[in-house]
Amino acid sequence: MATELLFRDNAYLAETTAIVEAVNERGGIILDRTVFYATGGGQPGDAGTLQRDDGSTITIGTAIYDPEDKSRVIHVPLEGQPLPRPGESLTAVLDWERRLKRMRIHTALHLLSVVLSYPVTGGAIGDGDGRLDFDIPEGGLDKTEITEKLNALVARNADVSERWITDAELDANPGLVKTMSVKPPRGSGRVRLVAIGDIDLQPCGGTHVRNTAEIGLVAVTDIEKKGKQNRRVRIALV
């Protein structure tokens with residue numbers, strides 16, 4: 001069965017009860033539903049715990065999609081952890097502080113793609129920092145100027161919302177896709193769009209804050225030249 005991805009509808013849901021569907025040969029734990037974001041789109045998988053009815057706890061280091069069935073999420077425990085039994089009921093609990101930092105920086109990276117309106121060639125999200133790579137012609141980029149423009153967008157207190165469109169609607173609006181290296185997840189017949197007020201609209205399967213005010217101040221920490229026309233811009237929460 002496919003894992004019910006609760007984070008898609010409510011990124012602020014920090015825990016849920018769940019049933020163990022299976023434990024694979026490597027000790028990966030598959031639940032019927034989860035609040036754990038699985039690695040994808042430059043965003044790392046969530047960490048946290050699985051709390052069992054007997055009071056014991058299983059520490060989860062990350063979550064990934066099952067390579068044999070992309071509709072299922074595997075919760076990867078740290079080495080030496082006890083394993084649950086299929087059919088067992090437990091509570092999945094996020095490392096919320098880490099998740100929230102990723103939500104804040106992920107939303108800020110969407111805004112960075114507005115400040116620098118160039119094709120995005122790559123990106124990564126960390127715990128309070130992140131980066132985007134841009135296909136930019138030769139020319140200087142000023143850290144202070146970009147930081148000021150980025151924080152001006154944050155200060156607009158814009159609401160962040162999601163909606164779904166069909167694959168056909170996305171094909172009819174190719175300009176919605178900013179990333180050259182990471183394509184929107186397909187296969188279900190629909191694609192999730194993330195809107196930041198009237199500032200930005202793009203396909204994304206990740207987790208975000210509800211309003212840009214929750215991002216707080218951010219700063220451009222580094223700009224690297226990664227090729228003739230490739231610039232890596234790093235930002236961090238202040």
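In which strand is the place of Thr166? Thr166 belongs to strand β11, where strands (E, at least two residues) and helices (H or I, at least four) are DSSP runs numbered from the N terminus. The model is predicted, so that local features need pLDDT of at least 70 and side-chain atom pairs count only at pLDDT 80 or more, while totals for chains, interfaces and linings use all residues. Residues are numbered from 1 along each chain as its sequence is written, and side-chain values use heavy atoms, with hydrogens and water left out.

Thr166 has a relative accessibility of 35% and therefore counts as partly exposed, a class that lies between buried (under 20% relative accessible area) and exposed (over 50%), with a 1.4 Å probe and protein chains only. When neighbours within four places in sequence are left aside, Thr166 is in contact (heavy atoms within 4.5 Å) with Gly189 and Arg190. Between Thr166 and Gly189 the C-alpha to C-alpha distance is 5.8 Å, although 23 residues separate them in sequence. Arg190 stands opposite Thr166 in β12, and seven bridges join β11 to the antiparallel strand β12 (residues 190–196), pairing being assigned if DSSP finds at least two bridges between two strands.

These strands belong to an open sheet of three, ordered β11-β12-β13 with antiparallel pairing. Because β11 (160–166) and β13 (200–203) stand at the edges, each with a single partner strand, one side of each is left without a neighbour in the sheet. From one strand to the next the twist averages 25°. Helix α1 packs on this sheet, touching β11, β12 and β13, and its direction makes about 110° with that of β13; angles run from 0 to 180 degrees between N-to-C directions, and axes are lines fitted to C-alpha atoms, for helices over the stretch in contact.

Helix α1 (residues 96–115) also packs against helix α2 (residues 143–154), at an angle of about 120° and with the axes 9 Å apart. The contact involves Ala108, Leu111, Leu112, Val114 and Val115 of α1, together with Ile146, Lys149, Leu150, Leu153 and Val154 of α2.

Elsewhere, strand β5 (residues 48–52) is mostly covered, with four of its five residues buried. Strand β5 pairs in the antiparallel sense with strand β6 (residues 57–66) over four bridges, Thr57 in β6 being the bridge partner of Gln51. The two strands form a hairpin with four residues between them, and Gly55 in the turn has a positive phi of about 95°. Strand β5 also pairs with strand β8 (residues 89–94), in the antiparallel sense over five bridges, and Thr49 stands opposite Val93 in β8.
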